[in-house]
Amino acid sequence: NPKDYGVAEMDGDRVIRIVEKPKKIKSKFAVTGIYLYDNQVFDFIRKLKPSHRGELEITDVNNLYIQKGTMTFEILEGWWGDAGASVDALLEVNNFISRKQKGS
């Protein structure tokens, strides 16, 4: 369900913005949380203000990289599960990995 994640808004093959848990979906690309950052990330974090949930949002960090023009991305194919979303999600991910290791 894309409304549970950040969703990348695209312009051709370029990410122009990431919207966290959007009410209206503008693309099919969920941001899955596999992130690699350079040391500039610490400067970006210092600029952040807590969201309405009182948290610093990783989506805000990613949007700063987009604004700076240094965001890169890869589209990953295949199954993906958010093991941190809930206990049920953690179980689903673990069961999937267990089946893969057993070869089924």
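By class, 20 nonpolar, seven polar and four charged residues make up the lining of the largest pocket (Ala, Val, Leu, Ile, Met, Phe, Trp, Tyr, Cys and Pro count as nonpolar, Asp, Glu, Lys and Arg as charged, and the others, Gly among them, as polar). The model is predicted, so that local features need pLDDT of at least 70 and side-chain atom pairs count only at pLDDT 80 or more, while totals for chains, interfaces and linings use all residues. Residues are numbered from 1 along each chain as its sequence is written, and side-chain values use heavy atoms, with hydrogens and water left out.

The volume of the largest pocket is about 1,000 Å³. Of the 31 residues that line the largest pocket, A30, V31, T32, F73 and E74 are the closest to its centre. A pocket is here an open set of points on a 1 Å grid over the protein atoms alone, where a 1.4 Å probe fits, with protein on both sides within 12 Å along at least five of seven lines; lining residues have an atom within 4 Å of a point. A volume is the space filled by probe spheres set on the points, which are joined across faces, edges and corners. At least two residues of the lining of the largest pocket come from each of β1 (6-11), β2 (14-20), β3 (30-31) and α2; helices (H or I, at least four residues) and strands (E, at least two) are DSSP runs, numbered from the N terminus.

The second largest pocket has a volume of about 370 Å³. Its lining has 21 residues, of which D4, Y5, E20, K21 and D82 are the closest to the centre. Both β2 and α2 supply at least two residues each to this lining, which by class has nine nonpolar, five polar and seven charged residues.

K21 is found in the loop between β2 and β3. Most residues other than glycine have a negative phi, whereas phi of K21 is positive, near 45 degrees. With a relative accessible area of 39%, K21 is partly exposed (buried means under 20%, exposed over 50%, partly exposed in between, with a 1.4 Å probe and protein chains only).

Helix α2 (residues 58-68) holds N63 and also Q67. N63 is buried, because its relative accessible area is 13%, and N63 touches R17 and I18, not counting residues up to four places away in sequence (contact means heavy atoms within 4.5 Å). Q67, by contrast, counts as exposed because its relative accessibility is 65%. Between Q67 and D43 there are 14 Å in space, C-alpha to C-alpha, and the two are 24 residues apart in sequence.
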